[in-house]
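My notes follow in the order I looked things up.

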Amino acid sequence: MSSRLEALVIDANEPARLATFWGQVLGREVVDTHDERVLTLPSPDALGFAIDIQPTRHPKTLPNRMHFDLTSASFDDQEAMVARAVELGARHLDIGQGADAEHVVLEDPEGNEFCVIEPGNKFLAGCGTIGALSCDGTREVGLFWQAALDWLLVWDEDEETAIQSPHGGTKISWGGPPLLEKPPKNRWHFDLRPTGDQQAEVERLERLGATRTDIGQGTVDWVVMRDPDDNEFCVLASASRR
C-alpha cells in the first residue's frame with residue numbers, strides 16, 4: 001500500500017488573488033471547488049499534482065520550508081517569466097544569493113518564496129514547469145517521503161535527498177540541516193490520497209516515522225499527521241477529495 005500526492009495545499013490570506021497569480025504564472029485553470037472555499041489549480045497532466053489554495057486568518061511570519069523551482073528554456077524565457085511574475089504581483093527577494101547568481105529569487109503576492117531557474121539546469125531537465133518542490137529538511141524526512149509515496153530516490157548525497165515519481169515530473173528535494181525555524185503551522189502542506197484503506201495507510205505511515213497530530217481540525221474525514229521533521233500533512237479519505 002502507498003499514497004498518491006493528490007495536492008500541495010497553500011494557506012492564503014487572499015486566496016482568490018493568490019490563485020489567480022499562480023494560475024497565470026503556471027498556465028493552469030483556477031477551479032472553485034465550493035468546498036471550504038478552496039480554490040484548485042488542477043495539474044495539466046497525470047504526472048503532476050494539484051495546487052489547492054485555502055483561506056487562513058494568520059499572516060506569514062517566517063520563510064516557508066517549501067518553495068517552487070520553476071524551469072526556463074532559455075535566458076530570454078527566464079527573463080520573460082520573471083517579468084510576467086512581477087507584473088502579476090511578485091517581488092524580487094534577496095536571501096543572500098549574490099549578484100552573480102543565475103537563478104532569480106522572487107516572492108509571490110503573499111510572500112511565498114520561489115525561484116526561476118536558469119536554462120540548462122541538468123537536475124531539473126524534463127521535469128516540467130515546476131521543476132522541483134525544494135524543501136528544507138533532513139535526509140530522514142527525504143527517505144520517509146520516498147517510502148510514503150513509493151517514488152524513486154534520485155539524489156542522496158551529503159545529507160541532501162531528492163525523489164521523483166517513477167513516471168517523471170516534478171522532483172521533491174530536501175537540502176539537509178540546519179533547518180529553518182518552523183512556524184506553529186506550515187503554510188504549505190501535502191494532501192495524500194491512500195491507494196487502499198485510510199486507517200491502514202495511517203498506520204503504515206506511523207511505522208515509517210509519522211505521528212498523528214491535532215491542529216484543531218475537529219471531526220473531519222481526513223487524518224492530520226506530522227512527518228519526521230514535524231511538518232504537517234493530511235491523509236484523505238480513500239474515496240473522494242475533501
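**Cavities and pocket**

I searched the whole structure and found two cavities of 30 Å³ or more. The model is predicted, so I kept its rules in view: local features need pLDDT of at least 70, side-chain atom pairs count only at pLDDT 80 or more, and totals for chains, interfaces and linings use all residues. Residues are numbered from 1 along each chain as its sequence is written, and side-chain values use heavy atoms, with hydrogens and water left out.

I noted how the search works. Rolling a probe the size of a water molecule over the atoms shows where empty space is left. On a 1 Å grid over the protein atoms alone, a cavity is a set of points where a 1.4 Å probe fits but cannot get out. A pocket is an open set with protein on both sides within 12 Å along at least five of seven lines. Lining residues have an atom within 4 Å of a point. Points are joined across faces, edges and corners, and a volume is the space filled by probe spheres set on them.

I took the largest cavity next. It holds about 120 Å³ of space. Its lining has 15 residues, and Met66, Trp145, Phe190, Asp227 and Asn231 lie nearest the centre. Which elements each supply at least two residues of this lining? They are α3 (139-149), β13 and β16 (232-235). Helices (H or I, at least four residues) and strands (E, at least two) are DSSP runs, numbered from the N terminus. β13 gives the most, with three residues. I sorted the lining of the largest cavity by class: eight nonpolar, three polar and four charged. Here Ala, Val, Leu, Ile, Met, Phe, Trp, Tyr, Cys and Pro count as nonpolar, Asp, Glu, Lys and Arg as charged, and the others, Gly among them, as polar.

Then I turned to the largest pocket, with about 780 Å³ of space. I counted 31 lining residues, and Asp11, Gln54, Pro55, Thr56 and Lys185 lie nearest its centre. Two or more residues come from each of β4 (50-55) and β13 (188-194). The lining of the largest pocket divides into 13 nonpolar, nine polar and nine charged residues.

**Helix pairs**

I looked at α1 (residues 15-26) and α2 (residues 75-88). Their axes come within 10 Å and cross at roughly 160°. Axes are lines fitted to C-alpha atoms, for helices over the stretch in contact, and angles run from 0 to 180 degrees between N-to-C directions. α1 and α2 are therefore roughly antiparallel (over 145 degrees). Phe21, Gln24 and Val25 in α1 meet Arg84, Ala85 and Leu88 in α2, with contact meaning heavy atoms within 4.5 Å. These contact residues are four nonpolar, one polar and one charged.

Phe144, Ala147 and Ala148 in α3 meet Glu201, Arg204, Leu205 and Leu208 in α4. I sorted this contact into five nonpolar, no polar and two charged residues.

**Backbone spots**

I found a cis peptide bond from Pro177 to Pro178, with omega near 0°. Pro178 sits in the loop between β12 (171-174) and β13.

Asp150 has phi near 60°, a positive value in a residue other than glycine. I placed Asp150 in the loop between α3 and β10 (152-157). Glu159 has phi near 70°, also positive and not in a glycine. Glu159 lies in the loop between β10 and β11 (160-164).

Conventions: Parallel < 35°, antiparallel > 145°, perpendicular 65-115°, else oblique.
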